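This briefing turns to the aromatic contacts, the charges placed over rings and the disulfides of the structure shown below. The points are grouped by topic.

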Amino acid sequence: MYKFFLTLFLSISLQLSAQVNTQLLSNSSWTRLKNKMVDGSTDLSKESPRFLVWKINGNNFCKNIDPWFVDRNKCINFKLENNVIKLSDKLAYHIETLTADSLVVVEKIDGVTSPDKIRKFWFVKTSVIVKDFADKEKSDSIIITSQTVTPTLTKDIISEMLSVYLKKNYTHDFTLDGEILIFPKKQVVEVKMENKKWTRDNQIGVDLFKNTLQNSFKVWNIAGFEKFEKIIIPYHFYSKVEAGSGNFSFSNKVSDKGNKEIVINIKNKFASSDNFNKGLGAINNQKFDSAIYFFNQAYENDNTNTDALYNIVSIYLAQNKTDAACATLKKLKDLEQTEGIKLYNEKCSEK
């Protein structure tokens, strides 16, 4: 996407790091701890806060993006060239740091050059992060999992439930919150949930969920957690099935402490892109008020469209409308965008 507001961005070059020992990637599993854009901005993509594990075996690269839905975890072949994990002609990851326990990579997408659009990932060897997590709880026989450190399913039993719901026409609409309790030594799973009164159709769906999970011990990967008497996984489950169709979600209810939540509001990406392009057209025709209107519409339809905000700031600053520019810069500051914060501090610190 072309940006009118070019002067805000610093030019960067990804320095080629010294040759790393790529053999450390062989037969390895890496859990993402954090990611940022290379200019330090917060990554506003929906994927940013999600579970992510990379598993590399030979030339096979697996991206596990969900601990519960196995079919969402995809594997492809890759090439390793000059410290670059090349997944396709358009997508690769430059290895910035690689040790026995840590991996730092910078995403390389064909055509993407702005530093606020390039993502940087920090990974830790999965076995190490699980061991460290377990060691902190070694004085206790009970462990409560986190978003990044949790047992995972090796079979997609959650999706299989949806198939049963649809096949037997179990129409329902319910939400469950509770805990999955795994007892490694007893090889037993228990499911706790909030006590509620359900309609008959909802009760059938709830019972299937509970019974499926309570008979699931053999499909849980609990490597690293075996010594504990009890593993607690807080969960949130939502399921809605109507005639012929259904949707549901299942996730760990725990949020890692210390992470500031930024509200992502994406109503219509197509409308956002369309309005952004109209804004560029208005600029070319010297219709700056119309451009501001279209860029605001682009932002309203997708608040991750930070280019629209930068363009509004550019116009307002060119018109010496500092107050209006600062109001828009405040949005970029709240979205934790590095250049927006820098400009806000320069232009608006006394306002």
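One aromatic cluster is formed by Trp68, Phe174, Trp198, Phe209, Trp220, Tyr235, Phe237 and Phe250. The model is predicted, and the values that follow are computed from it. In total, the structure holds 18 aromatic pairs, and a search of the whole structure finds 2 disulfides.

**Aromatic pairs**

- Phe209 and Phe237, both members of the aromatic cluster, have ring centres 4.4 Å apart and planes at 25°, so this pair is stacked. The angle falls under the limit of 30 degrees that applies to stacked rings.
- Phe209 is buried, its relative accessible area being 0%. Phe237 likewise counts as buried, because its relative accessibility is 0%.
- Trp54 and Phe61 form an edge-to-face pair, with 4.9 Å from centre to centre and 65° between the planes. That angle is over the 60 degrees required for an edge-to-face assignment.
- Trp54 and Phe61 are each buried.

**Charges over rings**

- The charged end of Lys34 sits over the ring of Trp122, at 4.5 Å from the ring centre.
- Arg72 lies over the face of Phe69, and here the distance to the ring centre is 4.0 Å.

**Disulfide Cys62 to Cys75**

- Cys62 is joined to Cys75 by a disulfide with an S to S distance of 2.0 Å.
- The link of Cys62 and Cys75 is right-handed, with 110° about the S-S bond.
- Cys62 counts as buried because its relative accessibility is 11%, which is under the 20% limit. Cys75, at 43% relative accessibility, counts as partly exposed.

**Disulfide Cys326 to Cys348**

- A disulfide also joins Cys326 to Cys348, with 2.0 Å from S to S.
- The torsion about the S-S bond of Cys326 and Cys348 is about -95°, so this disulfide is left-handed.
- The pair links distant parts of the chain, with Cys326 in helix α7 (residues 322-334) and Cys348 in helix α8 (residues 338-348), 22 residues apart.
- Cys326 counts as buried at 7% relative accessibility, and Cys348 is buried with a relative accessible area of 1%.

**Disulfide pairing**

- When the bonded cysteines of the protein are numbered in sequence order, the pairing reads 1-2, 3-4.

**Gly281**

- Gly281 is found in helix α4 (residues 269-284).
- Gly281 has a relative accessible area of 26% and is therefore partly exposed.
- Between the C-alpha atoms of Gly281 and Phe294 the separation is 9.8 Å, and these residues are 13 residues apart along the chain.

Key. Residues are numbered from 1 along each chain as its sequence is written. This is a predicted model: local features need pLDDT of at least 70, side-chain atom pairs count only at pLDDT 80 or more; totals for chains, interfaces and linings use all residues. Side-chain values use heavy atoms; hydrogens and water are left out. Rings of Phe, Tyr and Trp (its six-membered ring) pair if their centres lie within 6.5 Å; planes under 30 degrees apart count as stacked, over 60 as edge-to-face and the rest as tilted. Buried means under 20% relative accessible area, exposed over 50%, partly exposed in between (1.4 Å probe, protein chains only). A charge sits over a ring if NZ of Lys or CZ of Arg is within 6 Å of the ring centre and within 35 degrees of the ring normal. Helices (H or I, at least four residues) and strands (E, at least two) are DSSP runs, numbered from the N terminus. A disulfide is a pair of cysteine sulfur atoms within 2.5 Å.
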